[in-house]
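This briefing covers the packing of selected residues and the setting in which they lie. The sequence and structure are shown first, followed by notes grouped by topic.

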Amino acid sequence: QVQLVESGGGLAQPGGSLRLSCTASSSLRSFHSMGWYRQAPGNQRELVATIGSFDQTNYADAVQGRFTVSRDYDKNTLFLQMNSLKPEDTAVYYCNGHVPYGSLTGDYWGQGTQVTVSS
């Protein structure tokens with residue numbers, strides 16, 4: 001099994017920045033794709049950003065131009081840089097990784113980290 005552990009959430013003011021981290025217990029190269037999702041109270045979990053095995057990225061319209069997803073293979077860590085934060089970005093943010101084959105096949109989720117944007 002693979003574990004994903006998020007960190008970096010917290011309270012930010014509107015217009016501020018936060019960087020989320022997701023550290024995996026195995027090499028990031030095990031994953032076909034990784035991404036960030038979020039869930040606000042009363043809402044369904046929604047995609048924020050994904051990064052594929054060839055570094056292709058995809059962003060939700062709501063965060064395009066403000067958020068950047070990246071990864072560091074040496075640190076086995078996925079990042080989400082969040083700039084120009086808005087109150088509507090408030091949610092629990094989850095890291096996700098998909099392993100398509102082999103002994104670790106499956107979809108993996110972190111425990112979530114709370115992001116609150118408020119003045």
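In this predicted model, Y93 touches E6, L20, W36, Y37, R38, V48, F67, L80, M82, G112, T113 and V115, leaving aside residues up to four places away in sequence. Y93 also belongs to the largest nonpolar core, where it is among the residues that touch the most other members.

**Nonpolar core**
- The largest nonpolar core holds 30 residues, and those touching the most other members are L4, F31, W36, L80, M82 and Y93.
- Two or more residues of this core come from each of β3 (18–24), β4 (33–39), β5, β7 (67–72), β8 (77–82), β9 (91–99) and β11 (113–117).
- In soluble globular proteins, nonpolar side chains tend to be buried together.

**T77 in strand β8**
- T77 lies in strand β8 and is buried because its relative accessible area, 6%, is under 20%.
- A polar contact of 3.2 Å links the side chains of T77 and T23.
- Beyond four places in sequence, T77 is in contact with S21, C22, T23, L28, S70, R71 and D72.

**T50 in strand β5**
- T50 is located in strand β5, which spans residues 46–52.
- With a relative accessible area of 19%, T50 counts as buried because the cut-off is under 20%.
- Not counting residues up to four places away in sequence, T50 touches M34, G35, Y37, Q56, T57, N58 and V69.

**G106 in strand β10**
- G106 is part of strand β10 (residues 106–109).
- Apart from residues up to four places away in sequence, G106 touches G97, H98 and V99.
- G106 and A91 are 15 residues apart along the chain, with 25 Å between their C-alpha atoms.

Key:
Residues numbered from 1 in each chain as written. Predicted model: local features only at pLDDT ≥ 70, side-chain atom pairs only at ≥ 80, totals over all residues. Heavy atoms only, no water. Helix = DSSP H or I, 4+ residues; strand = E, 2+ residues; numbered from the N terminus. Buried < 20%, exposed > 50% of the residue type's maximum accessible area, 1.4 Å probe, protein only. Contact = heavy atoms within 4.5 Å. Core = buried A, V, L, I, M, F, W, Y, C linked by side-chain atoms within 4.5 Å. Polar contact = N/O pair within 3.5 Å; in protein donor to acceptor, adjacent residues only side chain to side chain.
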